[in-house]
Protein chains: 2
Amino acid sequence: MIPVYKPYLTKENLRFAHEALDSTWISSKGQYIKQVEHLLSSIHSVGDVNINIALTTNNGTAACHLMARLLHKTKKKIKTIIVPNNVYVAAINAFLFDKNFKLKPVECDQKTWNYNLSKLYELLNNSNVETTALLVVHNLGNIVNVPKILRDWKGLTILEDNCEGIFGSYESYPSGSLSFASALSFFGNKSITAGEGGAIIAQNHHEGYLYKLRSQGQSDTRFVHDELGYNYRMTNVQAAILYGQLKDKNEILRKKTNILNSYKKQLNIDEVSFQEAEPNTTHSKWMVGIRIDGSSYDDAEEFFKSNYIEVRPMFYPINKHSHLKNLKCHGGYSVAEKLNKECVVLPSYPELQDHEIAHIANCVKQYITKIR
Amino acid sequence: MIPVYKPYLTKENLRFAHEALDSTWISSKGQYIKQVEHLLSSIHSVGDVNINIALTTNNGTAACHLMARLLHKTKKKIKTIIVPNNVYVAAINAFLFDKNFKLKPVECDQKTWNYNLSKLYELLNNSNVETTALLVVHNLGNIVNVPKILRDWKGLTILEDNCEGIFGSYESYPSGSLSFASALSFFGNKSITAGEGGAIIAQNHHEGYLYKLRSQGQSDTRFVHDELGYNYRMTNVQAAILYGQLKDKNEILRKKTNILNSYKKQLNIDEVSFQEAEPNTTHSKWMVGIRIDGSSYDDAEEFFKSNYIEVRPMFYPINKHSHLKNLKCHGGYSVAEKLNKECVVLPSYPELQDHEIAHIANCVKQYITKIR
């Protein structure tokens, strides 16, 4: 079976994790935590942007939750979050944990698989930017042009779930770098991994507050806590795994770029659509998704499985999750439903071989013939 | 400097973690997660007790939060949690995250450093066991006799923060095994560690629900989520560290028992008190705390530091934490304040050497002479 994903782990890039184990710095302190936080700051600091907060967390959900808490703390008027209607549920959940916000979903776009921008702009037109924030998610790595939205909607606060977007860009800036705050994930299936892990990225605000929330709300006095906090800390071993990944990031991105290009070349046929990029954005190459007009996911999955290929679906419309089913969506759910039905996410891991891509592309064509 | 704690990590007990890294199963799946969950079930299943839920989590706070969610889900009438007034804040916070419960703190006891049982019983006498649950915390490893409380208060629901209590016992049962649910921590300073980690232990209820909450609330269909969930998963690498620790648990407990006994022997003087055990309980030996009548913690810490000994304070009265400062405590806070002022937690790690214990005990005596 060709898996849909596996992390790029080599003897060389794992050696830092082995070293961390042997050092016995296996818990929430250690040199690798600081080193990866420094590297993550650097990656996001391009041109005039100076990211001085890159706090690691134990996963991407925790990072999203820290964004929600930071928003509530620093922009008290904001009570409503506009959210996409077709993303991984954790991005949405993070804004529900504390019961501080109301969610307003917006329909997605059949070409980008992200927000339908005209529907989004309609809703923003009827919203007060002082009481409403926008959650941006870069589905599968297709980047939403955040700086354009910020120009079009002066004063709007954007939170960016960049968990699928790392190494993508908008208008020459790294995705995640221009929002109020952004979140990263280093789960096992992400372009770079810590096993489980995440980070919150932000400019200039409240590092002390975030640091505190991450570590049980502890004040400057040990065991005295002055905020309701969490244990959201990454371990030094996880950070050491991530450090090895960051060393290999150019190689990983090169391999993943080749994979996307190779799929595009071999599946340059009318029946297959890839995500379309917005102008002035670059895809992060996280996962390669295709839409096959008229196909049905369960049937497609079965077909690929019988050919020893693991695939995954595009995310479900968020009203399919019981706890979100009553959310009224601006623009409805029909495009999200169509994408969920017709899209297939193909194996996209760095070590995927040319002959495997050829086999997968061939199976896509066979499947199309089968359903015609 | 003699540290207050360091984990017992050896080449031998770390080899499983190295193996997990090399296997590339570094994320939320892998054989070690299941193996440690099986071992944790076994440890807690003694006599007629059959623990069939031992779910690992990414830390003890997450495990406590799962207890709170489980309680809210299955005992909807319970709205009030009675809590100790002198424990690590995370145990308390976990019941505040979802804003489902009201807290009622109770004063502690100068001898056990846990609940003042007569104050607790006074409060329970004025409480309805159908709408009130009790949070038990075994401070530093001194075990509260849960089965006795359960006999005395028929129908009472007890949640047990057993993060400091692992390897302790009440009436021949392992601490954590007789409550509605209990939580463990495997933080770097715990008797056995995963770097960061935890577990929720329970009999017979709702494994599926807890499993779901731990992993983003996902239903049986991948990417469809039917509960507001979290990413509370332990990684296979963390589980592999813990697996090595569990292999060495008898040795660790033996070493820690010797340390406690050695301190008790060398500090068998009027001015020093150790925690007194309740009848029919056995201390977990997590940390050795002493109370020095008339001492003042900051001053003591300074003295020990100048002698190259790291110590830590007993937990602060919970009203010292800003977000808990308005909680009215049954019995007041004066004993908690006294314990926080007069107690010193001494180095207690398994590899602490006899000559180091002798040095520490000698310094305690010098400190007593100094303040007389």
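Start by selecting helix 11 of chain A, residues 334-342, and colour its buried residues: V335(A), A336(A), L339(A) and E342(A). Buried here means that 20 or more other C-beta atoms lie within 10 Å of a residue's own; exposed means 12 or fewer, partly exposed is in between, and the C-beta atoms are placed from the backbone. Helices (H or I, at least four residues) and strands (E, at least two) are DSSP runs, numbered from the N terminus. Now look down the axis of helix 11 of chain A: the buried residues fall within an arc of 150°, so they line one face of the helix. That arc is taken from the directions running from the helix axis to the C-beta atoms. Next, show strand 12 (288-292) and strand 14 (343-346) of chain A, which are among the elements covering those buried residues.

A word on what you have loaded: this is a predicted model, where local features need pLDDT of at least 70 and side-chain atom pairs count only at pLDDT 80 or more, while totals for chains, interfaces and linings use all residues. Residues are numbered from 1 along each chain as its sequence is written, and chains are lettered from A and ligands numbered from 1 in the order in which they are written.

Stay in chain A and select helix 1 (residues 15-23) with helix 8 (residues 236-247). Their axes are 7 Å apart and the helices pack at an angle of about 155°. Axes are lines fitted to C-alpha atoms, for helices over the stretch in contact, and angles run from 0 to 180 degrees between N-to-C directions. Helix 1 and helix 8 of chain A are therefore roughly antiparallel, the word for angles over 145 degrees. Helix 1 of chain A passes helix 8 of chain A in a right-handed crossing, meaning that the near helix is turned clockwise from the far one by less than a right angle. Sorted by class, this contact has eight nonpolar, two polar and two charged residues. Ala, Val, Leu, Ile, Met, Phe, Trp, Tyr, Cys and Pro count as nonpolar, Asp, Glu, Lys and Arg as charged, and the others, Gly among them, as polar.

Hop over to chain B for another pair: helix 9 (residues 249-266) and helix 12 (residues 354-371), whose axes come within 10 Å and cross at roughly 40°. This crossing is right-handed too.

Now show both chains. How many residues of chain B are in contact with chain A? There are 45, in contact with 45 residues of chain A; a contact means C-beta atoms, placed from the backbone, within 7 Å. Helix 1 (15-23), helix 4 (89-93) and helix 8 (236-247) of chain B each supply at least two residues to that side.

Last stops: two loop residues. Zoom in on L140(A), between strand 4 (132-137) and helix 6 (146-152) of chain A. L140(A) has a positive phi of about 60° although it is not a glycine, and it counts as buried, with 22 C-beta neighbours inside 10 Å. Then find E171(B), in the loop between strand 6 (169-170) and strand 7 (173-174) of chain B. Phi of E171(B) is also positive, near 50°.

Note on methods
Contact = placed C-beta atoms within 7 Å. Parallel < 35°, antiparallel > 145°, perpendicular 65-115°, else oblique.
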